[in-house]
Amino acid sequence: MAFRTKNLFEKTTKLVRSYSSDKIYTHMSLTLNEQTGIATLELAKPPVNSMSFGFLSQLAAAVQQSEADKYKGLIITSRSSGVFSAGLDLKELHHPDSDRILNYLRRLQDVWFQLYDCSTPTAAVINGHSIAGGCLLALSCEYRVMVNSFKIGMNEALVGVPVSPMFIACMQSVIGQWEAEKALLVGRLFTSEEALGVGLVDEVVGGKSEGVCKAEGYLAGFREVSARARGLSKRYLRQEVVRDLVRRREEDVKKLVEIISSRGVQDSLGEHLERMKNKK
Ligand SMILES: CCCCC/C=C\C/C=C\CC/C=C/CC(=O)SCCNC(=O)CCNC(=O)[C@H](O)C(C)(C)COP(=O)(O)OP(=O)(O)OC[C@H]1O[C@@H](n2cnc3c(N)ncnc32)[C@H](O)[C@@H]1OP(=O)(O)O
């Protein structure tokens, strides 16, 4: 569905540096347009916005802030022109310290719950490749606009790690069971145009600023709608997925630590990192 494309992003903008005096965003910036009440969260952790522990913590803080300050909308995009996010930081997963990996995966779950379940209207402007955890981030938003000629999807099958339940649930809820199965079992990465074809994204555009206009158009569609009613409806619509994952979160995370720490997975991760190093 196409939405109004008037550029609402003009006049007064305010850079929101921190959500409390001791939390400064270093891996992203949060800018509020005071006129529209819509904030833009721009991911800015070079080179590829990989999701380290610190990155996830800042993402959680920004989402919390959007809810606490009752923003009219939150747009997530990237400062890099080629990568939205390369997903989880592979260095966090390779040869992990047992306490750190447990805390890391818990933090990932927390951020996902916060974003997926937040009452703030959300949209992703995917202005670069969006791989695995990057795809999860976009899928957790309500609306996705993607710039053409990039890749999006969950490549876990190629990395040698299983796709975890929350990644699966998000993919299924957006593109359906059969398309999700076909994609996830081979680690398929879709081009922007293919992603539009299966409904993984809602619109494909020629550039970031056009994408931001489309996202603003989607968010502006809720101006006449009661924020409270809308927020509750969103929660009800998403509650089945959330409830199931909350119930099994500790069991899932422990199982994942066991899988990630296994020799086979560590070898695959090591090979994947090596391939990335040698591709230059
Ligand atoms: C409720 C219950 C749930 C319980 C479960 C909870 C959690 C489950 C969690 C985990 C299970 C495991 C799941 C994993 C999902 C993932 O996200 S794994 C990550 C997968 N991502 C990738 O494989 C991306 C690989 N990267 C690329 O394909 C490319 O880098 C790119 C993104 C297409 C960009 O290409 P480009 O040519 O621009 O850049 P380079 O490839 O040259 O990379 C530059 C630089 O960045 C490093 N790098 C790339 N990706 C990552 C990464 N993901 N992590 C860390 N570092 C990365 C790359 O090595 C280069 O480094 P340099 O050589 O030192 O410059």
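Because the model is predicted, local features are reported only at pLDDT of at least 70 and side-chain atom pairs only at pLDDT 80 or more, whereas totals for chains, interfaces and linings use all residues. Residues are numbered from 1 along each chain as its sequence is written.

The protein chain contains 12 helices and 13 strands, where helices (H or I, at least four residues) and strands (E, at least two) are DSSP runs numbered from the N terminus. Along the principal axes, the C-alpha atoms of the protein chain fill a box of roughly 55 × 40 × 40 Å. Of the 280 residues, 43% count as buried, a residue being buried if 20 or more other C-beta atoms lie within 10 Å of its own, exposed if 12 or fewer, and partly exposed in between, with C-beta atoms placed from the backbone. Among contacts with a separation of 6 or more, 75% are accounted for by residues 24 or more positions apart, two residues being in contact if their C-beta atoms, placed from the backbone, lie within 7 Å.

Strands of a sheet pair through backbone hydrogen bonds, either parallel or antiparallel, and two strands are taken to pair here if DSSP finds at least two bridges between them. Strand E4 (residues 28-33) and strand E5 pair in the antiparallel sense over six bridges, with Met 28 standing opposite Leu 43 in E5. E4 and E5 form a hairpin with four residues between them, and Gly 37 in the turn has a positive phi of about 80 degrees. E5 is also joined to E6 by six bridges, and these two strands run parallel; Leu 41 stands opposite Ile 76 in E6. Six of the six residues of E6 are buried, so E6 is largely enclosed by the rest of the structure. Gly 73, Ile 75 and Thr 77 point one way from E6, while Leu 74, Ile 76 and Ser 78 point the other way.

An open sheet with mixed pairing is formed by four strands in the order E7-E9-E11-E12. Strand E7 (83-85) and strand E12 (189-191) stand at the edges, each with a single partner strand, so one side of each is left without a neighbour in the sheet. From one strand to the next, the twist averages 30 degrees, where axes are lines fitted to C-alpha atoms, for helices over the stretch in contact, and angles run from 0 to 180 degrees between N-to-C directions. E9 and strand E11 (residues 151-153) pair in the parallel sense over two bridges, and the bridge partner of Ser 130 in E11 is Ile 152.

Helix H4 (residues 133-140) is mostly covered, with eight of its eight residues buried; among them are Gly 133, Cys 135 and Ser 140. Ser 140 is also touched by Tyr 116, as are Arg 238 and Val 242, not counting residues up to four places away in sequence. Tyr 116 lies in helix H3 and counts as buried because it has 23 C-beta neighbours inside 10 Å. The C-alpha atoms of Tyr 116 and Gln 239, which are 123 residues apart along the chain, are separated by 9.8 Å.

Most residues other than glycine have a negative phi, and most peptide bonds are trans. The peptide bond from Pro 46 to Pro 47 is cis, with omega near 5 degrees, and Pro 47 is found in the loop between strand E5 (38-43) and helix H1 (53-68). Lys 70 has a positive phi of about 55 degrees and lies in the loop between H1 and strand E6 (73-78); with 11 C-beta neighbours inside 10 Å, Lys 70 counts as exposed. His 95, with a positive phi near 45 degrees, lies in the loop between H2 and H3 and is exposed, with 10 other C-beta atoms within 10 Å.

Of the 32 residues around the ligand, Ala 86, Gly 87, Leu 88, Ala 132 and Gly 133 come nearest, a residue being near a molecule or strand if its C-beta atom, placed from the backbone, lies within 6 Å of it. Elements that give two or more residues to this shell include helix H3 (98-116), strand E9 (129-131) and helix H11 (249-261), and H11 gives the most, with four residues. By class, the shell has 18 nonpolar, eight polar and six charged residues, where Ala, Val, Leu, Ile, Met, Phe, Trp, Tyr, Cys and Pro count as nonpolar, Asp, Glu, Lys and Arg as charged, and the others, Gly among them, as polar.
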